Amino acid sequence: MERKTLWGVAALFIGLSFGVQADGARMQAFTDAVQEKVTDQNLMLIAMEAGKRWTQTIEIYTGNAPVPDAQTARHIVARLVAIDLCLSDLHSKSPDIPNIKDLYFPSLEDAVLSVQVANNMAQFVGDEDLLMEEIIAQTECEVLAEAIRKEG
């Protein structure tokens with residue numbers, strides 16, 4: 001039993017390593033899927049921002065990008081939480097829209113990676129009150145889309 005567990009853990013890490021190494025391909029596949037399945041321009045804008053942020057956090061997690069200072073980390077995490085809240089709200093109103101996070105993280109290994117990356121980012125955040133203020137400021141999808149447009 002112990003040997004099977006070790007092989008399972010090794011396979012999981014190999015899968016994660018392959019997924020992490022293929023982030024350019026992951027983002028391209030995600031972009032293609034979004035362009036194919038999403039017609040609403042605000043949702044497409046939010047999806048592409050999500051993909052950009054998820055790629056950024058994976059690069060930080062894997063050491064391929066510098067560790068952000070607390071203020072930058074708060075902004076990244078706040079944006080990702082706002083995106084998640086927006087997408088959850090959209091799904092509750094229109095369950096037929098594609099699940100954007102599933103387009104970026106389509107497999108079980110990717111889902112595990114998503115949680116690991118989120119936990120990693122949490123260690124850089126710092127002041128949670130400031131984080132909450134930033135999240136609250138952008139929770140409505142229209143406000144979030146407008147903020148993304150202004151930054152772009």
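Modeller: A word on classes before we start: Ala, Val, Leu, Ile, Met, Phe, Trp, Tyr, Cys and Pro count as nonpolar, Asp, Glu, Lys and Arg as charged, and the others, Gly among them, as polar. This is a predicted model, where local features need pLDDT of at least 70, side-chain atom pairs count only at pLDDT 80 or more, and totals for chains, interfaces and linings use all residues. Residues are numbered from 1 along each chain as its sequence is written, and side-chain values use heavy atoms, with hydrogens and water left out.

Colleague: How many nonpolar, polar and charged residues are in the lining of the largest pocket?
Modeller: That lining has 11 nonpolar, 2 polar and 2 charged residues.

Colleague: OK, rings now. How many aromatic pairs does a search of the whole structure find?
Modeller: It finds 5. Rings of Phe, Tyr and Trp (its six-membered ring) pair if their centres lie within 6.5 Å; planes under 30 degrees apart count as stacked, over 60 as edge-to-face and the rest as tilted. Phe30 and Trp54 have ring centres 6.2 Å apart and planes at 75 degrees, so that pair is edge-to-face.

Colleague: And what about Trp54 and Tyr104?
Modeller: Their centres are 5.3 Å apart with planes at 45 degrees, so the pair is tilted.

Colleague: Is Tyr104 buried or exposed?
Modeller: Tyr104 is buried, at 0% relative accessible area. Buried means under 20%, exposed over 50%, and partly exposed in between (1.4 Å probe, protein chains only). Trp54 is buried as well, at 9%.

Colleague: Which residues form the aromatic cluster?
Modeller: Phe30, Trp54, Tyr104 and Phe105.
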